Amino acid sequence: MRMHLALWLAVVSLGAGACGSPEPTPPLWDRQAQARLVAFDSCEQVLRELREAYATVPTRDAIPKPEVGPVPADGKAAVPRAPVGAERGGSTDSAGSAEPAPRHSTTNNHEQGVAEPDLVQTDGRRVVTVADGSLRVIDVATRRITSRVWLPGGAGEELLLFGDRALVVGQGTSITLVELAGQARVLGTLRIEAGYVDARMAGGRARVVVNSAPRLPAPPGEPAFDATTVDDWLPSYRLTTPEGRRSGRLVDCDRVSHPDTYTATSFLTVLTFDLTAPLGTGDPVTVAADGGTVYGTARDLYLANETGYRTEIHRFDLTGAGPAEHVASGTVEGTLLNQYAMSEHDGHLRVATTRRSDNVVTVLDTSGSTLTKVGSLAGLGRNEQIYAVRFFGTTGYVVTFRRTDPLYTLDLTDPTDPKVVGELKITGYSAYLHRASDGKLLGVGQEADELGRSTGLQVSLFDVTNAARPRKVAEQELVGGRAHVESQPHAFLYWEPTGLLVLPTYTDALVLRLEGHRFIDLGAIGHGLPIQRALVVGDEVWVVSAFGIGVHDEETLAELAWLPLEA
């Protein structure tokens, strides 16, 4: 469904920009669009305005109805079958043990105290992973799989862990709540006619973002289109728990909002789940907009939607006991690289975007219901594009690249006057940036020749103690190599207590140790299989592939155990 929409939108954008003008001309239905959200008053208004908005979209095709897998005939949930540092937060120790859990890494999360979903999580006593349609629980002490649960919603892709509960999300979209204490068992599954976008969790409350499209039988102008109901436009759900099942329209009409100008071809829905409570329908709120970039703090959730030449951003407040509440919206010029291009600090949102001729950092403040620009810094990397961004407090780092890699250091102390304070030009580029202690910055990306052609994996260490004079003090190269973290930040492990750095690649995992201003090459962990993730539990390194989990001694990398993920 989302691929159909993405292809359609790409064709529209290509047609709009095919004349070779300096900046692409927005489609007629998008000109002068504003990001301010307006709530619908009734289902009648929802239906009327969605039909009108959709009729302005330059297409004649109906959007096909997505397929949703069957719900068990008895309405019961499936019966289970038997078989970044700990300080960053994310998962909590299991609730039934008086002994403290071994110190352990967690998912490489963007913000402290905000957990991000991933294919593996640990609380130090157990490792929980999803693969081939099932969830497995592995006891760390015995290195044995103690539970395996088949997921009724289909193949799970990511999970969040809180206490003795796991929330598993898969494409489709299926959201399954699993009890982990004792023999793991499914507590319920929610299936939504939508595509999964992303999720965040703080304090046991998960926010899941999904994207849906209307299910229309015919294009505008035909009787079948005029006969559509609200249920044809808004996402539907099926909830299955041990007590039974129910289904219907996911969101009430008074929970639907829209920008001043919109197309009604896509809807973003934010769902809220308390992992300590029974699974429900997620207390949803919906916006008539597209979007694929999610950034979250413990207090706010930001949804970003690119519209060809600019980016709309919607801010939701997460501090209430109920659903996410829309607070404000705004727009910035250019497009985002990923979630790391957004960062909130002291009530201000900093956004780094690429425009056609340069790159810009925009600082936004909330004024009423609008995200208003209060400061900006343009001219970064002219005729280049952003390859990596990271913000830490009042300091920012931006990497742009075409043939060489300028690493810019930014001073954001005054939100109305962001400044470039330093610049370092080197060959190649960093695609991911990570802060280490004592004024050091890690960069992972590609080395390149003088013409900008990539030659292989490059791990860089920068000394940024003096922001005005950033220095590259160490590097490690792997000719022809590429690390997963270049496109997936979760595939990165830096364990600061021992300086351990593990980088899964497409052939194995590169293991380094950071000591002072140098890298020590410890070798590689591979098992002959591509490694997807790595984590530290106690003095062991656990690596995860699609076929099994390896346990290694952190000092020697000697293999201690291999747990095949058998079908």
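Tutor: Buried means under 20% relative accessible area, exposed over 50%, and partly exposed in between (1.4 Å probe, protein chains only). This is a predicted model: local features need pLDDT of at least 70, side-chain atom pairs count only at pLDDT 80 or more, and totals for chains, interfaces and linings use all residues. Residues are numbered from 1 along each chain as its sequence is written; side-chain values use heavy atoms, with hydrogens and water left out.

Student: What does Asp-132 count as at 41% relative accessibility?

Tutor: Asp-132 sits in the loop between S3 and S4. Strands (E, at least two residues) and helices (H or I, at least four) are DSSP runs, numbered from the N terminus. At 41%, Asp-132 counts as partly exposed.

Student: What is the phi of Asp-132?

Tutor: Most residues other than glycine have a negative phi. Asp-132 has a positive one, near 40°.

Student: Which loop holds Asn-383?

Tutor: Asn-383 is another residue other than glycine with a positive phi, near 65°. Its place is the loop between strand S24 (370-380) and strand S25 (385-392).

Student: How many residues are in the second, separate core?

Tutor: In the largest core, Leu-180 is one of the residues with the most contacts. Contact means heavy atoms within 4.5 Å; Leu-180 touches, among others, Val-128, Leu-135 and Val-137, not counting residues up to four places away in sequence. The second core includes Val-332, Leu-336, Leu-371 and Leu-412, and its residues number 24.

Student: Which residue does a disulfide join to Cys-43?

Tutor: A disulfide is a pair of cysteine sulfur atoms within 2.5 Å, and the count comes to one. The link is right-handed, with 100° about the S-S bond. At an S to S distance of 2.0 Å, the partner is Cys-253.

Student: Which residue in S8 stands opposite Ala-166?

Tutor: A second open sheet runs S6-S7-S8-S9-S12-S13, with antiparallel pairing. Six bridges join S7 to S8 (residues 174-179). Opposite Ala-166 stands Val-178.

Student: What length does helix H2 reach from its first C-alpha to its last?

Tutor: H2 (residues 43-55) has 13 residues. The expected span is 1.5 Å times one less than the number of residues. Buried residues of H2 include Val-46, Leu-47 and Leu-50, and what covers its buried residues includes S14 and strand S15 (267-274). Close to the expected 18 Å, the helix reaches 18 Å.

Key. A nonpolar core is a set of buried Ala, Val, Leu, Ile, Met, Phe, Trp, Tyr and Cys residues joined through side-chain atoms within 4.5 Å. Two strands pair if DSSP finds at least two bridges between them.
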